[in-house]
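Reader: I would like to go through this model one point at a time. Please show it first.

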Amino acid sequence: MAASYTHAPPLAVLETSILFFTGALIMRGAGCTINDLWDRNLDPRVARTRLRPLARQAVTPFRALTFTGFQLLAGLSLLLQFPTPCLYYGIPSLMLVGTYPLAKRVTHYPQFVLGLAFSWGAFMGFPALGVDLWSEPMALKAVAALYASCVSWTVLYDMIYAYMDIKDDAKVGIKSIALRHEKETKAVLSGLAIAQTTLLITAAALLNASPVFMIGTSASTAATLGFMIWKVKLKDVSSCWWWFKYGAWFTGGGISFGLFAEYIFQMDRDDRQLELPPSAWRELI
């Protein structure tokens, strides 16, 4: 989205995308390690997680903590490859990564905290390509809408994920949105899907995105999420796992395709405008 807005050259977009992808892998790994440290005494009591390294004492907490330190250092070294303003946006996300495991002990909505953490990269895309969000209010509004859309998406998928442990979580005392809304789950999932799609359209509209984006991204998001919510069998652990594992690829693939198509469309339009004769420019003015 930032690439289309800034009309950044392809090489810059590719380099930035690789950095974001690598950073996401590293910080997701760090988040998983931190979560396992918090839950090392709870995981042995949950069927799906009882064989995790810390839960079965294959790894000591000290070694896991040391590993987390290396993961965070790797994340910091990667963050330093971005423009300096990205530091101010990136570092606060560490607080959210560290508090998610605590949230499941005090609220039925830890998935919301997870969404806040996992979606934080939405704030960094524009600064990474040289946009000062505080001096461009429209871009800031679009980023806020994009962030909220990603949070909705995360909560939706993690609600399905939480269903795999719903019985054990109730026994152990772990809270989740699946437990809180067990009787109206598909209605909540549908609401989250509508929220995600609407917020994605809002972000695109604020940036004057073309119909290419609206069709390629927003329509595919609504279609893939709707199909998943219809097909997933919440009482079947294998069905929840399949849709959690692969459903994100369907929706994410549609979003990525739409973003790529929008970028190509914008770049092609720029090239055609540069080729216009002076008389055509006068008509446009």
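This is a predicted model: local features need pLDDT of at least 70, side-chain atom pairs count only at pLDDT 80 or more; totals for chains, interfaces and linings use all residues.

Reader: Which residues have the most contacts inside the largest nonpolar core?

Author: A nonpolar core is a set of buried Ala, Val, Leu, Ile, Met, Phe, Trp, Tyr and Cys residues joined through side-chain atoms within 4.5 Å. Buried means under 20% relative accessible area, against over 50% for exposed and in between for partly exposed (1.4 Å probe, protein chains only). The largest such core holds 56 residues, and those with the most contacts inside it are F126 and L156.

Reader: Which helix gives the largest share of this core?

Author: Helices here are DSSP runs of H or I with at least four residues, numbered from the N terminus. Those supplying at least two core residues each include helix 5 (93–106), helix 8 (137–162), helix 11 (185–206) and helix 12 (211–231). With 15 residues, the largest share comes from helix 8.

Reader: Is L189 buried or exposed?

Author: L189 is found in helix 11. Contact means heavy atoms within 4.5 Å, and beyond four places in sequence L189 touches L156, M159, I160 and I229. Because its relative accessibility is 0%, L189 counts as buried.

Reader: Which backbone oxygen does the side chain of T217 reach?

Author: T217 sits in helix 12 and counts as buried because its relative accessibility is 0%. Outside four places in sequence, T217 touches L200, V212, G254, I255, G258 and L259. A polar contact is a pair of N or O atoms within 3.5 Å; within protein, one must be able to donate a hydrogen and the other to accept it, and residues adjacent in sequence count only if both atoms are side-chain atoms. At 3.4 Å, the side chain of T217 reaches the backbone oxygen of I255.

Reader: What does T251 touch, leaving aside neighbours within four places in sequence?

Author: T251 lies in helix 13. T251 counts as buried because its relative accessibility is 0%. Its contacts are W153, Y157, Q196, T221, T224 and L225.

Reader: Which helices do the buried residues of helix 6 pack against?

Author: In helix 6 (residues 110–118), the buried residues are P110, Q111, V113, L114, G115 and A117. They pack against helix 5, helix 8 and helix 10.

Reader: How much space lies in the second largest pocket?

Author: On a 1 Å grid over the protein atoms alone, a pocket is an open set of points where a 1.4 Å probe fits, with protein on both sides within 12 Å along at least five of seven lines; lining residues have an atom within 4 Å of a point. The lining includes Y163, E182, K235 and C240, and it divides into six nonpolar, no polar and four charged residues. Volume is the space filled by probe spheres set on the points, which are joined across faces, edges and corners. For this pocket the space is about 170 Å³.

Key. Residues are numbered from 1 along each chain as its sequence is written. Side-chain values use heavy atoms; hydrogens and water are left out. Ala, Val, Leu, Ile, Met, Phe, Trp, Tyr, Cys and Pro count as nonpolar, Asp, Glu, Lys and Arg as charged, and the others, Gly among them, as polar.
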